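The sequence and structure come next.

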Amino acid sequence: MLELLSSIISSLPIWSIAILFIIVLLLLILIGIPVTISIGLSSIIFLILYGKSLANAVTAMMIPLQSFPLLGVYLFVLMGTVFEMAGLTEVIVDALEPLVGKMKGGLAVVTILGSAFFGLLTGAVAATAAAFSRIMGPEMEKRGYPREYVAAVLAASAPLGAFIPPSIPAIIIATSTGTSVLTMFMVGGAIGIIVMVALIILVLVTSYIKGYGGVEKRFTTREVFTRVIKALPLLLVPLLVLAGIYLGVFSVTEAGALGALGALMVAACYRRLTVRKVINILLESGRSTAVVMLMISTSYILNYTWSLTGINNSMLQFFINISKTYSPYVSLTVLAIILAILGMFFDVIVLSIAWGATMMSAFAPYGISPYHIGAIFLFGVLLGTATPPVGAAVFVVSDSLKVKEEIFKGIIPFVILYMILYIIVVFVPEASLWLPRLLGLTT
């Protein structure tokens, strides 16, 4: 029976195999199996049907676990977990409130800037969404912001946590495609700055029209100075990490170790650590890393399976043919649409490992920078995290603030803004490459 199924599947056209694979994957997800496990299971099913030894799957799964740069993922996760669980988010908010909080829409601006700053510390979307939903959500509602608008601002600003370096998605995109981690960091930073400015302009205009207020408390010059000085050590840790990588003093993994150590030292200086809290931080960072590494490992199995079945090669030829027949930018448009849709269901880790290197190869003959492709992957998939119905940031915020349908109404202007910015990133390479080029990095 197995041999019959194997012969039938082997005789099918590649596009039919790809559709069949997606159907199997979706069925596994729909019956309640987690996405990461579903990816691994569907890949193993097709390897068995192709009569391949599962030893190959194990080999593919072990590839990322032997990667020294990916050790940096755990270390950066540990750094972010220290800042999050030590309760240092409040220090960021306290510093920003007197600086920008008094203007109309000031609390929304504090949320956006705080999310960007928190991205420097954690590099993760869900952690940013959870931290600011807890702190800023109730405060904004107290100041008269409608709940759906509060939820929308929080969900829309959360992806800044994954754009601003040190970004965990950027590390994985770079290591899985053989590109520079530092340059990919700066690509994410370039996009993050543009997104941050655009979000601030949108909330200021909206708040002016609708009369949303800011922080009512008056701050003395001494209070402002004290709050800012208190927050400076938090900023120094990620800046030292990035400066060290840029200057070639240490590798990304070594930078992650320094960042984790620095985070622990800063948290200790703020008197935010206890023995129990340190143990919880280590356990939580271990759990978070295990989830990420399992996703990376199953994504490598997916990549191996798609390469074996010819799906990756067919995808490569598909995009090359579109570029030849029409234009490379028509091909980029198709890729951008696919990533935006899949980003609502799959993590950037999965898609970058499965397709990243293939897509960079498809566009290389037309002079399109691999970092431009990396930017499209980063933005396209993170767009999905802020987009209903299943975006990670939307889910975390709606669960934290106990909002459901309201968030769909409030987030529409932000989704439109993100789509406009996404189009700019796709068609204007300088939008994502200006910062690495400014720093003299090869793009």
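## Tyr422 and the ring pairs

Tyr422 is buried, because its relative accessibility is 6% and the cut-off for buried is under 20% relative accessible area (exposed is over 50%, partly exposed in between; 1.4 Å probe, protein chains only). The model is predicted: local features need pLDDT of at least 70 and side-chain atom pairs count only at pLDDT 80 or more, while totals for chains, interfaces and linings use all residues. Residues are numbered from 1 along each chain as its sequence is written, and side-chain values use heavy atoms, with hydrogens and water left out.

Rings of Phe, Tyr and Trp (for Trp the six-membered ring) count as a pair if their centres lie within 6.5 Å; planes under 30 degrees apart are stacked, over 60 edge-to-face, and the rest tilted. By this rule there are 11 aromatic pairs. One of them joins Phe163 and Phe379, a tilted pair with 5.5 Å centre to centre and 50° between the planes. Phe163 belongs to helix α10 (residues 160-163) and Phe379 to helix α19 (residues 370-385), so this pair ties together parts 216 residues apart in sequence. Phe163 and Phe379 are both buried. Phe379 also pairs with Tyr422, and this pair is stacked, at 5.5 Å centre to centre and 15° between the planes. Because Tyr422 lies in helix α21 (residues 405-427) and Phe379 in α19, the pair ties together parts 43 residues apart in sequence. The relative accessible area of Phe379 is 0%. Elsewhere, ring pairs link Phe21, Phe46, Trp306 and Trp355 into a cluster.

## Overall fold

The protein chain has 22 helices and 0 strands, where helices (H or I, at least four residues) and strands (E, at least two) are DSSP runs numbered from the N terminus. Its radius of gyration is 22 Å, close to the 22 Å from the globule rule for 443 residues, so the chain is as compact as a globular protein of that length. That radius is taken over C-alpha atoms, and the rule is 2.2 Å times the number of residues to the power 0.38.

Along the principal axes, the C-alpha atoms of the protein chain fill a box of roughly 80 × 50 × 45 Å. Of the 443 residues, 55% count as buried. Contact means heavy atoms within 4.5 Å. Among contacts in the protein chain between residues at least 6 apart in sequence, 80% join residues at least 24 apart.

Helix α15 (residues 275-309) has 35 residues and spans 51 Å from its first C-alpha to its last, close to the expected 51 Å. The expected span of a helix is 1.5 Å times one less than its number of residues. Gly310 follows α15 and has a positive phi, near 90°.

Helix α12 (residues 181-210) has 30 residues and reaches 42 Å between its first and last C-alpha, close to the expected 44 Å. At its start, a side-chain oxygen of Ser180 comes to within 3.4 Å of the backbone nitrogen of Leu182. After α12 comes Gly211, with a positive phi near 75°.

## Salt bridges

Side chains of opposite charge can pair when their charged atoms come close. A salt bridge here is a side-chain nitrogen of Lys or Arg within 4 Å of a carboxyl oxygen of Asp or Glu, and the count comes to 2. Glu284 and Arg287 form one, at 3.2 Å from N to O. These residues are 3 apart in helix α15, which means that about one helical turn separates them. Glu284 is partly exposed, at 31% relative accessibility.

Arg437 forms a salt bridge with Glu430, with the closest N and O atoms 2.1 Å apart. Arg437 is partly exposed at 39% relative accessibility, and Glu430 is partly exposed at 37%.

## Two buried helix residues

Thr253 sits in helix α14 (residues 252-269) and is buried, at 5% relative accessibility. Apart from neighbours within four places in sequence, Thr253 contacts Phe68, Pro69, Leu71, Gly72 and Leu75.

Ala131 is part of helix α8 (residues 125-142) and is buried, with a relative accessible area of 2%. Not counting residues up to four places away in sequence, Ala131 touches Thr89 and Phe118. Ala131 and Ala158 are 27 residues apart in sequence, and their C-alpha atoms are 9.6 Å apart in space.

Note on methods: Polar contact = N/O pair within 3.5 Å; in protein donor to acceptor, adjacent residues only side chain to side chain.
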